[in-house]
Amino acid sequence: DGLVQDTSGRGNDGVFYGGASYDATEKALVFDGTGDYLEGPVHNSSGEWLHSVSMWFKQKSADTYDVLFHLGDQSSGKCISIRRFSSGEIRYNFYDASIEASPSVNTGEWYHLVVTYSGGTDIANRNIYLNGVKQTVVNSSGTPVVLNLNPNERFTLATQSQPIEGQMNCDISQFKLYDTALTAEEVK
C-alpha cells in the first residue's frame, strides 16, 4: 500500500514516491532513477550520531553519480550520503567531507554494502564494507567533522533529498539502519 514498514517497532516506516515499488519475486525495493524514491523518518536525538547503514543493492545503469542513501538536512550541512559513481567509486559523505573506495562493482549484480561511523573526526572511524570485506580508502576529501545531526531527521533511498538529485536506477533489498557502529564481525 505504498508503505515500507519498519520491523524494529520504532515507527521509521518509509513511503514510496514516484514509481518506486516492491518486487516480491526479487524481494527488493525497485527504483528506475526517474523521480522515484523511498523516504522515511529516523527518530534520532540531536548531536553526534553513531550509526551503520546496511543494504543489498543492484545498480541497473550507471550515471555520473547516483545516491543510494541520504540522511539529514543538506541546507544546514548536517547530513550523510552513500553515492555510487559511474567511474567505480563508492563514496561515504559527511556533508562536504568524504571517504572513497574503488571496489569492482558491475551493473546488474547484487552486492552487500555496509558503512559504519564510530564517532569523532578520525577518518579511521568511518568504514565502507562490500560483501563483508572492509574496503581500502583510496581518497578522502574535505575536513573531517563530527556527524552532528538535527533531531528526528529523514532518510531517502535511491536519491538525495533537499533538493532531490542523484536519482539511482537500482534495486535495494534488506535495508537496515542501526544507531550503533557495527563491528567487522557483525558486518559479515
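**Entry 1: S141**

I take buried to mean under 20% relative accessible area and exposed to mean over 50%, with partly exposed in between. I apply this to a predicted model, and I began with S141, which I found in strand 15. I then looked up what S141 touches: leaving aside its neighbours within four places in sequence, S141 is in contact with D96, A97 and S98. For S98 I also noted a polar contact, side chain to side chain, at 2.8 Å. As a distance check I took S141 against L50, and I read 20 Å from C-alpha to C-alpha for a separation of 91 residues in sequence.

**Entry 2: Q135**

Next I asked myself in which loop Q135 is found. I located Q135 in the loop between strand 14 (133-134) and strand 15 (139-141). Is Q135 buried or exposed? Its relative accessibility is 18%, so I count Q135 as buried, the limit being under 20%. I followed the side chain of Q135 to the backbone oxygen of V133, which it reaches at 2.9 Å. Setting aside neighbours within four places in sequence, I listed A101, P103, I128, Y129 and L130 as the residues in contact with Q135.

**Entry 3: positive phi values**

I looked for backbone angles worth a note and wrote down N131, whose phi is near 50°, a positive value in a residue other than glycine. N131 is found in the loop between strand 13 (126-130) and strand 14, and at a relative accessible area of 43% I class N131 as partly exposed. I also wrote down Q174, which has a positive phi of about 50° although it is not a glycine. Q174, however, lies in strand 18, and with 53% relative accessibility Q174 counts as exposed.

**Entry 4: salt bridges**

Side chains of opposite charge can pair when their charged atoms come close, and I went through the pairs of this kind. How many salt bridges does the structure hold? I recorded 6 salt bridges for the structure.

I looked up R10 and D179, whose side chains meet in a salt bridge with 3.1 Å from N to O. R10 sits in the loop between strand 1 (3-4) and strand 2 (14-17), while D179 sits in the loop between strand 18 and helix 1 (184-187), so this pair ties together parts that are 169 residues apart in sequence.

I then turned to E26 and K58, which form a salt bridge with the closest N and O atoms 3.7 Å apart. E26 lies in the loop between strand 3 (21-23) and strand 4, and K58 lies in strand 7 (residues 51-59), so the pair ties together parts that are 32 residues apart in sequence. I class E26 as partly exposed at 35% relative accessibility, but K58 as buried, since its relative accessible area is 14%.

The side chains of E100 and R91 also meet in a salt bridge, at 2.2 Å from N to O. Here I found E100 to be buried, with a relative accessible area of 6%, and R91 to be partly exposed, with a relative accessible area of 22%. Going back over the partners, I noted that salt bridges with shared partners join E26, K58, K60 and D171 into one network.

**Entry 5: the largest pocket**

Last, I looked up the largest pocket, in which about 760 Å³ of space lies. Which elements give two or more residues to the lining of this pocket? I listed strand 4 (28-32), strand 5 (37-41), strand 17 (154-157) and strand 18 (169-178). I noted strand 18 as the source of the largest share of the lining, namely 7 residues. The whole lining comes to 29 residues, and D6, T7, F175, K176 and L177 are those that lie nearest the centre of the pocket. Sorted by class, I recorded 14 nonpolar, 9 polar and 6 charged residues in the lining.

Key:
Residues are numbered from 1 along each chain as its sequence is written. This is a predicted model: local features need pLDDT of at least 70, side-chain atom pairs count only at pLDDT 80 or more; totals for chains, interfaces and linings use all residues. Side-chain values use heavy atoms; hydrogens and water are left out. On a 1 Å grid over the protein atoms alone, a cavity is a set of points where a 1.4 Å probe fits but cannot get out, and a pocket is an open set with protein on both sides within 12 Å along at least five of seven lines; lining residues have an atom within 4 Å of a point. Grid points are joined across faces, edges and corners, and a volume is the space filled by probe spheres set on the points. Helices (H or I, at least four residues) and strands (E, at least two) are DSSP runs, numbered from the N terminus. Ala, Val, Leu, Ile, Met, Phe, Trp, Tyr, Cys and Pro count as nonpolar, Asp, Glu, Lys and Arg as charged, and the others, Gly among them, as polar. A salt bridge is a side-chain nitrogen of Lys or Arg within 4 Å of a carboxyl oxygen of Asp or Glu. Buried means under 20% relative accessible area, exposed over 50%, partly exposed in between (1.4 Å probe, protein chains only). A polar contact is a pair of N or O atoms within 3.5 Å; within protein, one must be able to donate a hydrogen and the other to accept it, and residues adjacent in sequence count only if both atoms are side-chain atoms. Contact means heavy atoms within 4.5 Å.
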